[in-house]
Protein chains: 2
Amino acid sequence: MALASTADTTLDFGPASALSCRECGTRYDLGPIFACIECFGPLEVAYDFGPVTREEIAAGPTNIWRYRKLLPVPANVETRPNLQPGWTKLVKADTLAAELGLRSLYVKDDSGNPTHSFKDRVVAIALEAARNFGFHTLSCSSTGNLAGAVGAAAARAGLDSCVFIPSDLEAAKITMASVYGGRLVAIDGTYDEVNRFCSELIGDELGEKWGFVNVNLRPYYAEGSKTLAYEIAEQLGWRIPDQIVIPVASGSQLTKIDKGFRELIKLGLVEDKPYRVFGAQAEGCSPVSGAYKAGHDVVQPVKPDTIAKSLAIGNPADGPYVLDIARRTGGAVEDVTDGQVVEAIRLLARTEGIFAETAGGVTVGVLRKLAENGLLDPEAETVVLNTGDGLKTLDAVAAEARPAAVIRPSLAAFRTAFAN
Amino acid sequence: MALASTADTTLDFGPASALSCRECGTRYDLGPIFACIECFGPLEVAYDFGPVTREEIAAGPTNIWRYRKLLPVPANVETRPNLQPGWTKLVKADTLAAELGLRSLYVKDDSGNPTHSFKDRVVAIALEAARNFGFHTLSCSSTGNLAGAVGAAAARAGLDSCVFIPSDLEAAKITMASVYGGRLVAIDGTYDEVNRFCSELIGDELGEKWGFVNVNLRPYYAEGSKTLAYEIAEQLGWRIPDQIVIPVASGSQLTKIDKGFRELIKLGLVEDKPYRVFGAQAEGCSPVSGAYKAGHDVVQPVKPDTIAKSLAIGNPADGPYVLDIARRTGGAVEDVTDGQVVEAIRLLARTEGIFAETAGGVTVGVLRKLAENGLLDPEAETVVLNTGDGLKTLDAVAAEARPAAVIRPSLAAFRTAFAN
């Protein structure tokens, strides 16, 4: 395993020691690169972890930087202007569990992040990489949540931003993506087309000194999702859950949560035990679920058509890894219809007071389906992820979530309206 | 000071010992009452505080229950299903400070609460009171944020809910208020009319066993705002800021933050020092600011007309107390136009990556105005509150926060669009 590119001694990525190809293992110096020049496989961050204890983590800040010794960030990351995401609530969901016939259920509610989606986690790591590489502009292709997270993080950090979105996104996500003062460009096309355009832009002089968080900074960015695994384990009292249901867009989040659990085991921070990973997709964009059910190892791209726009990636880069993890751990990949997504949003709101965006409707909908079809063990401790906020996808429920009546302010009017 | 009503020995309000009239001091047993029968003054919670140390607070949960020994809640409140609000970020706002010519500025960002406004704090306390009194339905009159907070809290706790709002609220707030499955009733009238209607409903058999969080549970509810003072002081390293800018709707929040600071001093948890309290209103609903500027002690009701709907209370119950606190502490009450509110929302987003609702635009706009007109000491440590989330008042900025261009996914199109 040779070191391929040249070293820059001014870089500070904390415990991260190199990039490593996930396919062929070729190692590279830490740099703004994302694909192996030997085999075109994706690169990921490799570490030389020092000693880490539960106690020092518990004494850290109430955000993802409590895990800085497990992330590609400098030791002083806490002191630099960033959104300080993470340490979101793990909600014991007893009412929802009872409705679904499960014994022990938790919702990891990432709508509590600064821009109200899990994307703040990954962007915070990418921001440190951008600073390391001296980039002046933070950029991305986005299905919406990432656009807001990048805009906000760049504003806080004092960087420029330029984000690219499909033009048909939810109004809330469009407004949020541009309110932070960066440049927002809508592309007349699908997310996959936006993504291809960004890859083209990186090779062009226009994109010089730009950090595309989910392209040339992707190896760093993706590591942010590990913090979901760390938090869930710590919040359970340093224990990995038996079962976990995770949404699948590109598939990166699911693969990194699995990586995070394995790291905790390797570092002796939790006991080694089996756990089952379940992937959740919307039927209207279910290339990974389709491949899982067909018994395939490869994922056929699809053209998305679903209200779960934040999961609408028709050509998911990490799809094959998701299939591998689901099969290796005894999990599954399942999908639900848009109607079931809306039902699940309302179910979660009604039972636990959590208003999820459509992606959360997908995971809770899949949880329900897995409970019904017996793929989930009802006796086992289960965690389901809500990765975003209902305020960003209001249209999904607005038709049904309305006032029961509009009345004049009088007891007589109230009596008449609610006589039955 | 006589005890007026009958005691119920099954109640558990922790350190709270009685209700006390803020005007005449008459004391009452803890009950679902809110006005003094002697003088019609407002009742507030009186305590017998036991010993409280910084260390035991710091060892508590990362939510408002770390302060349970200072709140009217039972000792086991943590273990009961509730939204666990609080411990939101205190953001060091160096970029905003530089733009406004201030030396040291923090934003207390309460958009990080479960339903993304400070209302989760007050509702969590009211919920415990409702449980104590055996109420089955949680209710309120609301300008929007409270409706969502009550709906979510009732859902989590397994209570029914019925909330009343003016029919002209923002779409996001209406959807959020009803998604949790409770009953939402829109009233064709102003907030003040909704509020009067709720007072009428309490006296009616229809409202029996209903806890109106901001009417018959108001003394308990209002105490939740003290946690903002506690958190700010603790997050500053157990220190009260020199200056604080707080939005004024009913005025309750401002009076309770002042009460919280004074309690911390009295308990020896912070050093005694002077601090200045500033109230912020929208010009279109500025009865308290108007009275302040005119040198009056009483507040003339107004008919609200502002985009800051969450502050649109034309007849603020605690207005006179706000005037008293602003004058006593050397602060002021100021107001800004709707245009300045929008500018301030964009200023905060651009400088700190925080997307505030219109109420946050009011406080940041007033902060700017106070800095410009010299009423604020630029050298003194200052805290400004953002009490809600920009996603709930998108219309305020949607016209300006839009994509810079909509293009085809090609470098040529991008070059053309951004040639200049």
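Predicted model: local features only at pLDDT ≥ 70, side-chain atom pairs only at ≥ 80, totals over all residues.
1. Let's start with how the two copies sit together.

2. For chain A, the mean pLDDT is 95, and 97% of the residues reach 70 or more. Residues 1-7 of chain A are where to be careful: pLDDT stays under 50 there, and the model has 12 contacts for this stretch beyond four places in sequence.

3. Next, the annotation. An unreviewed UniProt entry lists residues 84-388 of chain A as "domain: Tryptophan synthase beta chain-like PALP". In the model, that span is 44% helix and 17% strand, and its end C-alpha atoms lie 17 Å apart.

4. Across the boundary, 26 residues of domain 1 of chain A are in contact with 20 residues of domain 2 of chain A.

5. Now have a look at Thr387(A), found in the loop between strand 13 (381-386) and helix 14 (395-398) of chain A. Is this residue, Thr387(A), buried or exposed? Its relative accessible area is 6%, so Thr387(A) is buried. Leaving aside neighbours within four places in sequence, Thr387(A) is in contact with Asp110(A), His116(A), Ser117(A), Phe118(A), Pro247(A), Gln253(A) and Ala359(A).

6. Over in chain B, there is an open sheet of 3 strands in the order 2-1-3, with antiparallel pairing. Strand 2 (27-28) and strand 3 (43-47) of chain B stand at the edges with a single partner strand each, so one side of each has no neighbour in the sheet. Strand 1 (residues 16-21) of chain B pairs with strand 3 of chain B in the antiparallel sense over 5 bridges. If you want a spot to check by eye, Tyr47(B) in strand 3 is the bridge partner of Ala16(B).

7. Helix 11 (319-329) of chain B is worth a visit as well. Which of its residues are buried? They are Gly319(B), Tyr321(B), Val322(B), Leu323(B), Ile325(B), Ala326(B) and Thr329(B). What do these buried residues of helix 11 pack against? Their partners in chain B are helix 9 (252-266), strand 11 (276-282), helix 10 and strand 12 (332-336).

8. His296(B) lies between helix 10 (287-294) and helix 11 of chain B, and at 41% relative accessibility it counts as partly exposed. Its contacts beyond four places in sequence are Ala291(B), Leu323(B) and Arg327(B); of these, Leu323(B) also turns up among the buried residues of helix 11. His296(B) and Pro320(B) are 24 residues apart in sequence, with 9.0 Å between their C-alpha atoms.

Conventions
Residues numbered from 1 in each chain as written. Chains lettered and ligands numbered in written order. Heavy atoms only, no water. pLDDT = per-residue confidence, 0-100. Contact = heavy atoms within 4.5 Å. UniProt positions renumbered as here; feature names shortened; annotations may be inferred. Helix = DSSP H or I, 4+ residues; strand = E, 2+ residues; numbered from the N terminus. Pairing = 2+ DSSP bridges. Buried < 20%, exposed > 50% of the residue type's maximum accessible area, 1.4 Å probe, protein only.
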